[in-house]
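Here are some friendly notes to read alongside the model.

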Amino acid sequence: MDRASPVPLYFQLARQLEEAVADGTLPPGTLLGNEIDLAARLGLSRPTVRQAIRTLVDRGLLVRRRGVGTQVVHSRVRRPLELSSLYDDLEAAGHRPATRVLVDRVELAGPAVAAALGVPEGTGVHYLERLRTAHGEPLAYLRNHLPAGLVDAAALETTGLYRLLRAAALTLHTARQSIGARAAAPEEAALLAEEPGAPVLTMERTTFDATGRPVESGSHLYRAGRYSFEFQLMVRP
């Protein structure tokens, strides 16, 4: 710690801990001990240590567990905004994805779903609800409508939806997507291991194949503390 630096000590400590988590020096599951022990070990005041820990808890890198102490958790999933499957993105980043299919049924399309999929209202469509986890922790609650007969939902326990669509000889071409945030309803919070009213990120997406036909419409929720979207912005000439 540089005590002569204008950078507050709590911020220096938080930055060092964050770097140690990022480079694997403090792997997920590591117990940091309680604030008193940490303060004594580092030669810092307890309020300084407490503020540094609170900063990293708020950023989703640490978690306080009653009876256990402060523990390192898996880093936040950062996902680029492109036409890709969450399952594939997690797998490519080494996040060990898994899926639990909660609902798998054919239902009649209401006005919103019919408009999104370009089918007459009352058409039978495939409805799916899935809980996506990474490293055994809930990450996303996924709801999708698709034209009936496109995919076998049983396979979604071990692979991603887009992979199945491509296996069905569909060429995914473009998507219309919007991102937002809101408070989690009690049943949503329970699935995502959050408190009711906790902030969640939302994504609404309709995907089209190379012919311009809608092939899926999704409404997804993500844990705000464990997930973020990344944008690449270009300056218009």
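Which residues of the largest nonpolar core touch the most other members? Point 2 takes this up, after a word on the basis of these notes.

1. Basis. This is a predicted model, in which local features need pLDDT of at least 70 and side-chain atom pairs count only at pLDDT 80 or more, while totals for chains, interfaces and linings use all residues. Numbering starts from 1 along each chain as its sequence is written, and side-chain values use heavy atoms, with hydrogens and water left out.

2. The largest core. A nonpolar core here is a set of buried Ala, Val, Leu, Ile, Met, Phe, Trp, Tyr and Cys residues joined through side-chain atoms within 4.5 Å. Buried means under 20% relative accessible area, exposed over 50%, and partly exposed in between (1.4 Å probe, protein chains only). The largest such core has 17 residues, and those touching the most other members are Leu 13, Leu 26, Leu 32, Val 49, Leu 56, Leu 62 and Val 72. Helices α1 (9-22), α2 (35-42) and α3 (46-58) each supply at least two residues of this core, and α1 gives the most, with 5 residues. Helices (H or I, at least four residues) and strands (E, at least two) are DSSP runs, numbered from the N terminus.

3. Leu 26 and a second core. Not counting residues up to four places away in sequence, Leu 26 touches Leu 17, Ala 20, Val 21, Leu 32 and Val 72; contact means heavy atoms within 4.5 Å. A second, separate core of 13 residues includes Leu 128, Tyr 162, Leu 170 and Val 215.

4. The whole structure holds 7 salt bridges, each a side-chain nitrogen of Lys or Arg within 4 Å of a carboxyl oxygen of Asp or Glu. In one of them, Glu 35 meets Arg 46 at 3.4 Å, N to O. Glu 35 belongs to helix α2 and Arg 46 to helix α3, so the pair ties together parts that are 11 residues apart in sequence. Glu 35 counts as buried at 15% relative accessibility, whereas Arg 46 is partly exposed at 40%. Arg 50 is linked with these two residues in a network of salt bridges.

5. Glu 188 and its partners. With Arg 143, Glu 188 forms a salt bridge of 3.9 Å, N to O. Because Glu 188 lies in helix α7 (residues 186-191) and Arg 143 in strand β7 (residues 137-147), this pair ties together parts 45 residues apart in sequence. Glu 188 is buried at 7% relative accessibility, and Arg 143 is buried too, at 18%. Glu 188 also meets Arg 182 in a salt bridge of 2.9 Å, N to O; Arg 182 is partly exposed, at 36%.

6. Strand β7 and its pairings. Of the 11 residues of β7, 10 are buried, so the strand is largely enclosed by the rest of the structure. Strand β6 (residues 124-134) pairs with β7 in the antiparallel sense over 10 bridges, where pairing requires that DSSP finds at least two bridges between the strands. Tyr 127 has His 145 of β7 as its bridge partner. The hairpin of β6 and β7 has 2 residues between the strands, and His 135 takes a positive phi near 55 degrees there. β7 also pairs with strand β10 (residues 214-223), again antiparallel, over 6 bridges, and Asn 144 stands opposite Gly 218 in β10.
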